[in-house]
Amino acid sequence: MNSTVTLGRKVPDFSAASTAGEFRLAQRRGQIVVLYFYPKDNTPGCTSESRDFAAASDRFTAAGACIVGVSRDSLGSHERFRAKYELPFELISDADESLCTRFSVMKQKNMYGKSVRGIERSTFLIDAHGVLRREWRGLKVPGHVDDVLQAVLALA
């Protein structure tokens, strides 16, 4: 996995370990994929964002989209996070940062006055043909899921 994604171009196929087994992008052809990257399970912003996606999941499904979350946390951490907040979608564990690198979401961030390397909260909208149609980078959680849903509905 060395090529990065480009808006308006097909996203190269990838597979990754998820809470539902092996996730493979090619197996999602014909379906819109909402891939959201978040820094860490069970942190306030990430929990809020994940719960917002969960609350809207029926509307995404009705529009022909699946939601998939990605962070560097382990599958065990993801399983506990999913169970605690009843998240109805799978979470990918990207411990080796291969997906984070492909989607260029690893950034230097300032946490409590210290510079740390982490995931920049980002969402990618991949259409039913596997083409990257939208990306949101460095986003704020409030209202974000509604923005993504509107973009999905515009594709559907």
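This is a predicted model: local features need pLDDT of at least 70, side-chain atom pairs count only at pLDDT 80 or more; totals for chains, interfaces and linings use all residues.
The largest nonpolar core holds 24 residues. Val34, Phe53, Phe60, Phe89 and Val152 touch the most other members. Four elements each supply at least two residues of this core: β3 (32–37), α1 (44–55), β4 (65–71) and α5 (144–155). The largest share, five residues, comes from α5. In soluble globular proteins, nonpolar side chains tend to be buried together.

Two residues illustrate the packing. With residues up to four places away in sequence left out, phenylalanine 89 touches Tyr36, Ser50, Phe53, Ala54, Ile67, Gly69 and Arg82. Of these contacts, Phe53 is also listed among the core residues that touch the most other members. Valine 33 lies in strand β3. Valine 33 counts as buried because its relative accessibility is 1%, under the 20% limit. Under the exclusion of residues up to four places away in sequence, the contacts of valine 33 are Leu25, Arg28, Cys66, Phe124, Leu125 and Ile126. Valine 33 and serine 115 are 82 residues apart along the chain, and their C-alpha atoms are separated by 32 Å.

The salt bridge count comes to eight. One joins the side chains of aspartate 73 and lysine 40, at 3.1 Å from N to O. Aspartate 73 sits in the loop between β4 and α3 (75–85), and lysine 40 in the loop between β3 and α1. The two are 33 residues apart, and the pair links distant parts of the chain. Aspartate 73 is buried, at 8% relative accessible area. Lysine 40 is partly exposed, at 44%.

A second salt bridge pairs glutamate 49 with arginine 121, with the closest N and O atoms 2.9 Å apart. Glutamate 49 lies in helix α1, and arginine 121 in the loop between β7 (114–119) and β8 (122–126), so the pair ties together parts that are 72 residues apart in sequence. Both partners fall under the 20% limit and therefore count as buried: glutamate 49 has a relative accessible area of 1%, and arginine 121 has 15%.

Arginine 117 and glutamate 97 form a further salt bridge, the closest N and O atoms being 2.6 Å apart. Arginine 117 is in strand β7, whereas glutamate 97 is in the loop between β5 (90–93) and α4 (98–102). This pair, 20 residues apart, also links distant parts of the chain. Arginine 117 is partly exposed, with a relative accessible area of 45%. Glutamate 97 is buried, at 13%. Both residues belong to a network of salt bridges that also takes in Arg72.

The largest pocket has a volume of about 490 Å³. Its lining comprises 21 residues. Pro39, Lys109, Met111, Ile119 and Arg121 lie nearest the centre. Arg121 is also the salt bridge partner of glutamate 49. The elements giving two or more residues to the lining are α1, β6 (106–111) and β7. By class, the lining divides into eight nonpolar, five polar and eight charged residues.

Note on methods
Residues are numbered from 1 along each chain as its sequence is written. Side-chain values use heavy atoms; hydrogens and water are left out. A nonpolar core is a set of buried Ala, Val, Leu, Ile, Met, Phe, Trp, Tyr and Cys residues joined through side-chain atoms within 4.5 Å. Buried means under 20% relative accessible area, exposed over 50%, partly exposed in between (1.4 Å probe, protein chains only). Contact means heavy atoms within 4.5 Å. A salt bridge is a side-chain nitrogen of Lys or Arg within 4 Å of a carboxyl oxygen of Asp or Glu. On a 1 Å grid over the protein atoms alone, a cavity is a set of points where a 1.4 Å probe fits but cannot get out, and a pocket is an open set with protein on both sides within 12 Å along at least five of seven lines; lining residues have an atom within 4 Å of a point. Grid points are joined across faces, edges and corners, and a volume is the space filled by probe spheres set on the points. Ala, Val, Leu, Ile, Met, Phe, Trp, Tyr, Cys and Pro count as nonpolar, Asp, Glu, Lys and Arg as charged, and the others, Gly among them, as polar.
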